[in-house]
Amino acid sequence: MSLDYLWTGFAVALQWHNLLFGLLGCLLGTVVGALPAIGPINGIALLLPLAYTLGVPAESTMILLAGVYYGAEYGGRISSILLNVPGDAGAVMTALDGYPMARDGRGAEALALSGIASFVGGMLSVLALTFFAPLLGQLAIGFGPAEYFVLMIFAFATLTSMVGDQPVKTMIGAAFGLALSTVGLDPTSGAYRFTFGEPELYDGIEFIILVIGLFSISEVLVLLERQHRGGLETVSIGRGFPSLATLRLCLGAMLRGTGIGFLIGVLPGTGASVASAVSYTTEKRISDRAGTFGRGDPRGLAAPEAANNAAAGGAFVPMLTLGVPGSGTTAVMLGALLLYNIQPGPQLFTERPELAGGLVASMYIGNILLLVLNLPLVQIFVRMLLIPNWILLPGILALAFLGVYSTYASSLSIVLMISVGIFGYLLRKLGFDLAPVILGFVLGKVTETNLRNALAISGGELGILFASPIALVLWALAVLVLFAPLLLRRRSSEPRA
């Protein structure tokens, strides 16, 4: 594919009003992402009608919306790292090591590392989008329900890297998540399952309710318990930039996270939550030799952060080349193109180079803007840790309640959030890790839907799960991830001659 469209795009993106739109999008996205339950989808959905009504050109609108998308990917990490309140689905894995770093007095370092990892993932994914978009678009076409199911099996196989020294509790946690994912409308038969006649459960348990309940509410209960026992100490904010040694340590994690995130982001319907989960568990398997992941290991923060932003870049590949949204956010952006009577596809790069090129060029500029904007603001963001607990804890609860109620406008959603929070608190007291619960929930829905669809296509024949080269490669990778560590440990334990 010729790069002429890109040079046209830079000419468009570097116009002063488009630079202003990009900057505005990054700022709004950062704010929107930092608020629990809002996320990039809602931010874009709110801005789109305003931009269209004001007569903003299509290329300027897309630059604005892309800035919101990238900004929200970073903004969601602020509350996740500092308060253990994930701003969106992709920020859940960030909290696993980011929040312990903040509690250890390394909150500023964690935020800065998050920004750097996001920049690396974002820039490399845009480079891949620039040069390989048509080829990767064809790869996405090759994924049917059977391939998606095997991909989820591979994702579950990576979950074994989180087992640690409590495999039973890890598997029980994942089983809890799988059970919760079955609540609501059966994706194939249309029957209602485990709804107890409550119409608000027909769509299942919303992800945001589950995440905020498990992490935010349970965290408040844990902190209140520690404060009651006199064990809650003031947290220092730490230095504002990771050392060169830390950056070198995390470089491999960033690059691996970028590759995993981009490839998963290309596949429609997966998104940042799956990308960050697979990236984190893969990095844990590769790098966690001393058992430091989950206790404030910077690599456990860098890998999912790079994967999140890389997945955001990858999601644009099927949208621009095939007209198929790669995520919920790009689905809204696809609607924006259709609103301007523009049909995405391979011809978009030749027929509307100012639009496709302007969007891609704005991603390069947007990533630089986010890095320049957010690194100096780290010391301001991290001062949330200095807020007294008698203000901070009610503030976390207020954000949780406001975010959930403003999104779903339902008293039942509040009751569910509190119930899930109490359940999460009990799990933590019993020594369970909450991450497998979230992963089981996220992967469970996608796994069930694609398995049922694949078997419906084949008439119930299981052979469809092994029929394509893509599926066979994924099966081989899943087996390798499961059994290679066991073989390596057995080999290393054998006495040498």
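Tutor: What follows is a set of questions and answers on a predicted model.

Student: What does the protein contain in terms of helices and strands, and how much of it counts as buried?

Tutor: The protein has 19 helices and two strands. Of its 497 residues, 55% count as buried.

Student: Why is T30 called buried?

Tutor: The relative accessible area of T30 is 9%. Buried means under 20%, so T30 is buried. This residue sits in helix α2.

Student: What does T30 touch, leaving aside residues up to four places away in sequence?

Tutor: T30 touches G71, A72, G75, I78, L370, N374 and F381. Contact here means heavy atoms within 4.5 Å.

Student: Which other residues of α2 are buried?

Tutor: Besides T30, the buried residues of α2 are N18, G22, G25, C26, G29, V32 and G33.

Student: How do you know that the length of α2 agrees with its number of residues?

Tutor: Helix α2 covers residues 16-34, which is 19 residues. The expected span is 1.5 Å times one less than the number of residues, so α2 should span 27 Å. Its end C-alpha atoms are 27 Å apart, and therefore the two values agree.

Student: Why is I368 called partly exposed?

Tutor: I368 has 43% relative accessibility. Buried would need a value under 20% and exposed a value over 50%, so I368 counts as partly exposed. I368 is in helix α15.

Student: How far from I368 is G122, going by C-alpha atoms?

Tutor: The two C-alpha atoms are 9.5 Å apart, while the residues are separated by 246 residues along the chain. As for contacts in the protein between residues at least 6 apart in sequence, 80% join residues at least 24 apart.

Student: What makes α1 roughly perpendicular to α15?

Tutor: The axes of α1 (residues 4-13) and α15 (residues 353-381) cross at roughly 70° and come within 7 Å. Angles of 65 to 115 degrees count as roughly perpendicular, so α1 is roughly perpendicular to α15. Their crossing is right-handed.

Student: Which residues of α1 and α15 meet?

Tutor: From α1, they include Y5, L6, F10 and V12. From α15, they include P353, E354, V360 and Y364. By class, this contact has eleven nonpolar, five polar and one charged residues.

Student: How do the axes of α9 and α11 cross?

Tutor: The axes of α9 (residues 244-266) and α11 (residues 298-314) come within 6 Å and cross at roughly 35°. This crossing is right-handed. Among the contacting residues are L249, M254 and F262 of α9, and P298, R299 and A302 of α11. By class, the contact of α9 with α11 has 13 nonpolar, seven polar and one charged residues.

Key. Residues numbered from 1 in each chain as written. Predicted model: local features only at pLDDT ≥ 70, side-chain atom pairs only at ≥ 80, totals over all residues. Heavy atoms only, no water. Axes fitted to C-alpha atoms, helices over the stretch in contact; angles between N-to-C directions. Helix = DSSP H or I, 4+ residues; strand = E, 2+ residues; numbered from the N terminus. Parallel < 35°, antiparallel > 145°, perpendicular 65-115°, else oblique. Left-handed = near helix turned anticlockwise from the far one by under 90°. Nonpolar A, V, L, I, M, F, W, Y, C, P; charged D, E, K, R; others polar. Buried < 20%, exposed > 50% of the residue type's maximum accessible area, 1.4 Å probe, protein only.
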